[in-house]
Amino acid sequence: MALKIRLRQQGRTNRQTYRLVVTDIRCPRDGKYLEMVGWYNPFSNENNCQVHAERIQFWVGQGAQLTPSVEALIMKVAPHVMKEIQQKRQEKRVKNVAKRRALKKAKKATAPVKEAPAKKAPAKAAKPVKEEIASEEPKAAAKPKAPRAKKAQPKA
């Protein structure tokens, strides 16, 4: 099951509030979710956001992905959480690169060495001379096509 941490719309028309939720990617935007990990109210000037950092770290550890809008929100509210997440991503990339390099090196070491064939001197072959055959009769020129007759249109 692929998980995402994303914003879920709440509230009334022209006065939206949002919940940060962990949900399956197949569920609709405002559909069911597994857990609420925070909320965001863009219309409130003070205390407009709350994030449960421990739960976000838990779900990211379980394989949940953050949407770009949630990443920006967490970066604003809890930058230490985003730094840890980015650090783990970087470690994972480095580990994968090292693994690929090791596989490539092993593959190169076990590949049979092919000897290059000795170069042969290019043979000087006589090119066949094309004899121009002069035809007694010139080729017939293509006949121009006659223009098509226009269909008569019925008068109304």
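## A tour of strands, rings and a core

Start by looking for disulfides, meaning pairs of cysteine sulfur atoms within 2.5 Å: a search of the whole structure finds zero. This is a predicted model, so local features need pLDDT of at least 70 and side-chain atom pairs count only at pLDDT 80 or more, while totals for chains, interfaces and linings use all residues. Residues are numbered from 1 along each chain as its sequence is written, and side-chain values use heavy atoms, with hydrogens and water left out.

Select two cysteines, Cys27 and Cys49. Cys27 is buried at a relative accessible area of 15%, and Cys49 is buried too, at 12%. (Buried means under 20% relative accessible area, exposed over 50%, partly exposed in between, with a 1.4 Å probe and protein chains only.)

**Stop 1: the whole chain**

Switch to cartoon view. The protein chain has three helices and five strands, in the order β-β-β-β-α-β-α-α from the N terminus on. Here helices (H or I, at least four residues) and strands (E, at least two) are DSSP runs, numbered from the N terminus. Of the 156 residues, 21% count as buried.

**Stop 2: the sheet**

Now colour the strands. They make an open sheet of five, ordered β4-β3-β2-β1-β5, with mixed pairing. The edge strands are β4 (49–51) and β5 (65–66), each pairing on one side only. Two strands pair if DSSP finds at least two bridges between them.

Pick β1 (residues 3–12) and β2 (residues 15–24): they pair in the antiparallel sense over 10 bridges. Click Arg6 and you'll find its bridge partner in β2, Val21. Val21 also stands opposite Met36 in β3; β2 and β3 run antiparallel, joined by five bridges. Keep going to β4, which pairs with β3 in the antiparallel sense over three bridges. There, Trp39 has Gln50 in β4 as its bridge partner.

**Stop 3: the aromatic rings**

Show the side chains of Phe, Tyr and Trp. The structure holds two aromatic pairs. Rings of Phe, Tyr and Trp (its six-membered ring) pair if their centres lie within 6.5 Å; planes under 30 degrees apart count as stacked, over 60 as edge-to-face and the rest as tilted.

Select Tyr18 and Tyr40: this pair is stacked, 6.2 Å centre to centre with 20° between the planes. Tyr18 lies in strand β2 and Tyr40 in strand β3, so the pair ties together parts that are 22 residues apart in sequence. Tyr18 is partly exposed at 22% relative accessibility, whereas Tyr40 is buried at 18%.

Next, select Phe58 and Trp59. Why is this pair edge-to-face? Because the ring centres of Phe58 and Trp59 are 5.3 Å apart and their planes are at 75°. Phe58 is partly exposed at 35%, and Trp59 is buried at 15%.

**Stop 4: the core**

In soluble globular proteins, nonpolar side chains tend to be buried together. The largest nonpolar core here has 21 residues; Ile5, Leu20, Ile56, Leu66 and Ile74 have the most contacts inside it. Such a core is a set of buried Ala, Val, Leu, Ile, Met, Phe, Trp, Tyr and Cys residues joined through side-chain atoms within 4.5 Å.

Finish by zooming in on Leu66. Which residues is Leu66 in contact with, leaving aside its neighbours within four places in sequence? They are Ile5, Ile56, Val60, Glu71, Ile74, Met82, Ile85 and Arg89. Contact means heavy atoms within 4.5 Å.
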